[in-house]
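I opened this notebook to keep track of what I looked up, one entry at a time. The sequence and structure come before the entries.

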Amino acid sequence: MGVLLSEWISINGLQLFTIGVIAAIIGVMFGAAGFILLPAMLLVGVPIHTTVAINKFATGVSALSNVITFIVKRNISIQTVIPLIIISSFGGVMGAFFATRLSEQIMNVIACIILIFVFFIVLKSNKSLAADEKETEVQPTSLAIPFLISMYDGGFGPGSALMNITYYLKKHYLYIKAVEFTRIISFSSCSGAFVFYYFLGIMNWGIAIPVTVGSIFGSFIGLKILPYMKGKWIQTLLPIILFLLIVQVVSDLLF
């Protein structure tokens, strides 16, 4: 019996680790980690709010590993992104606060509306979403948009990173730079949300740890692949991934 239990734990641990790896790779490259992580966790019977809490912890830790890499390589200056970190952390806390007071169905309705809105924005500006163009003069950015997206991310999150990537691309940032800012926002919003969920006791460490370890590995793999992404791939894949996210959320509402 003890052997069977040990085998069950190791097999499920490997499955959770694999889910974390795949979700993080997709999350780094396309900002859609929730497309893999959330349905996979729900499929094995994890409650929605516990699933979100685990997702925030795993994504936050993997994003932190990326942020440390950016700082060490001097891709970003920590002083310049401190306001972004603060506002995104607060947004994550606010999102978690509201999410714990909403039902799963309402959360799915909100996610569906936001994703459809972003989908049409991506279709409208798809020609400008190219990763291999030379960086033009970037337009001024606002902290309001990352704050609102961070609220959504802290409460639920499918497609939140993709929304941030799209926002920075529309401001004429290179794709790789948009991803860097998005990982900073993801780290901040997820950290804020996780702290809130943790103090509410909404956490399962037996699931969170293997998923998180997998997410760390996956985030580094995603960063290695990222420089090889071509603009035409981004133009094609972003709308497809958004559409699949919408299908997923709609199916949750209907079934």
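Is Phe-97 buried, partly exposed or exposed? I looked this up in what is a predicted model, and found that Phe-97 is partly exposed, with a relative accessible area of 29%, which lies between the 20% under which a residue counts as buried and the 50% over which it counts as exposed.

Entry on aromatic pairs. I searched the whole structure and noted 15 aromatic pairs. I looked at Phe-57 and Phe-194, whose ring centres are 4.9 Å apart with planes at 45 degrees, so I wrote this pair down as tilted. The pair links distant parts of the chain, since Phe-57 belongs to helix H3 and Phe-194 to helix H8 (residues 175-199), 137 residues apart. I noted that Phe-57 is buried at a relative accessible area of 18%, and that Phe-194 is buried as well, at 15%.

I then turned to Phe-97 and Phe-196, where the centres are 6.1 Å apart and the planes stand at 85 degrees, so the pair is edge-to-face. This pair also links distant parts of the chain, with Phe-97 in helix H4 (residues 78-99) and Phe-196 in helix H8, 99 residues apart. I also recorded a cluster in which ring pairs link Phe-57, Phe-194, Tyr-198, Phe-199 and Trp-205.

Entry on Ser-62. I found Ser-62 in helix H3 (residues 48-72), and its relative accessible area of 3% makes Ser-62 buried. The side chain of Ser-62 makes a polar contact with the side chain of Arg-183 at 3.4 Å. Leaving aside residues up to four places away in sequence, I listed Arg-183, Ser-215, Ile-216 and Ser-219 as the residues that Ser-62 touches.

Technical notes
Residues numbered from 1 in each chain as written. Predicted model: local features only at pLDDT ≥ 70, side-chain atom pairs only at ≥ 80, totals over all residues. Heavy atoms only, no water. Helix = DSSP H or I, 4+ residues; strand = E, 2+ residues; numbered from the N terminus. Buried < 20%, exposed > 50% of the residue type's maximum accessible area, 1.4 Å probe, protein only. Polar contact = N/O pair within 3.5 Å; in protein donor to acceptor, adjacent residues only side chain to side chain. Contact = heavy atoms within 4.5 Å. Phe/Tyr/Trp six-rings, centres within 6.5 Å; stacked < 30°, edge-to-face > 60°.
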